[in-house]
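Colleague: Could you walk me through the fold of this chain, starting with the sheet and then turning to the helices?

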Amino acid sequence: MKKIALIYGTRHEGTTGIAEKIAEILIQNGFKVVLQNITNKFDSKNFFKNDFTGFILGSGIQMGKWTPGMKKFIVKNRGHFTKDGVKLGMFVSCGTAHSSDGSLKACTEYVDFFAKDLGVTPDITAAFGGIYDFSKNSNLNFAIKFVLKSVVKKETPGQFDLNNVNDFRNWDDVVTFANNFSALF
Ligand SMILES: Cc1cc2nc3c(=O)[nH]c(=O)nc-3n(C[C@H](O)[C@H](O)[C@H](O)COP(=O)(O)O)c2cc1C
């Protein structure tokens, strides 16, 4: 059974659901999946003792950036992702990708440029919508919420509920990405 490592970074947990959905589809397609949330403290020493035939790397985006933990992990372990025969998928989850035009833009800005900069060449890429949680239970602090609300009000008037959770994760696109990744083998 082919083994895939699905490695992701998140700040507010929106990307966790996406990574779990991709894992679910890969398992349905007959792969063994190791799902790993990478924090800054993650120790990758024993991680690559597994013989992976494919990797999927993903992150939520904040201020245009992948999580620092993911960036560090990719730089440190680049050799594993560029080996002959190994398949690589990369994705982000972000606000820009809340529409299909936005997804293309986000894919270029947050996946293609990032991958090139770090010297990895993904076989498949995607940008999925993310979550803006403006509800009372949100884990965003008051100042961040205030700034984000002003940005979305200005850039996309009327498209966000400024008092509730806005979940733009497009599950059909997530499933398509997972199936397309599976088809690479
Ligand atoms: C403080 C903050 C900054 C953000 N900056 C960006 C950004 O620069 N570009 C973007 O497309 N989305 C941005 N977003 C939207 C996030 O990418 C979106 O909320 C995503 O779901 C975050 O993923 P996570 O929950 O896994 O951390 C931002 C969100 C927050 C809270």
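Colleague: In what order do the five strands form the open sheet?

Modeller: This is a predicted model, in which local features need pLDDT of at least 70 and side-chain atom pairs count only at pLDDT 80 or more, while totals for chains, interfaces and linings use all residues. Residues are numbered from 1 along each chain as its sequence is written. Strands (E, at least two residues) and helices (H or I, at least four) are DSSP runs numbered from the N terminus, and two strands pair if DSSP finds at least two bridges between them. The pairing here is parallel, and the order is S2-S1-S3-S4-S5.

Colleague: Which strands stand at the edges of the sheet?

Modeller: An edge strand here has a single partner strand, so one side of it is left without a neighbour in the sheet. The strands in that position are S2 and S5 (124–129).

Colleague: Which residue of S2 stands opposite Ile7?

Modeller: S1 (residues 3–9) pairs with S2 (residues 32–37) in the parallel sense over six bridges, and the bridge partner of Tyr8 in S2 is Asn37. S1 also pairs in the parallel sense with S3 (residues 54–60), again over six bridges, where Ile7 has Leu57 as its bridge partner. On the S2 side, the residue opposite Ile7 is Gln36.

Colleague: How many of the seven residues of S1 are buried?

Modeller: A residue is buried if 20 or more other C-beta atoms lie within 10 Å of its own, exposed if 12 or fewer, and partly exposed in between, with C-beta atoms placed from the backbone. By that count S1 is mostly covered, and the number of buried residues is six.

Colleague: At what angle do H1 and H5 pack?

Modeller: Axes are lines fitted to C-alpha atoms, for helices over the stretch in contact, and angles run from 0 to 180 degrees between N-to-C directions. The axes of H1 (residues 14–28) and H5 (residues 171–182) are 9 Å apart. Residues are in contact if their C-beta atoms, placed from the backbone, lie within 7 Å, and those making this contact include Ile18 and Ile22 of H1 and Trp171 and Phe177 of H5. The packing angle is about 45°.

Colleague: Which strands does H5 touch where it packs on the sheet?

Modeller: The direction of H5 makes about 165° with that of S5. The strands that H5 touches are S3, S4 and S5.

Technical notes:
Contact = placed C-beta atoms within 7 Å.
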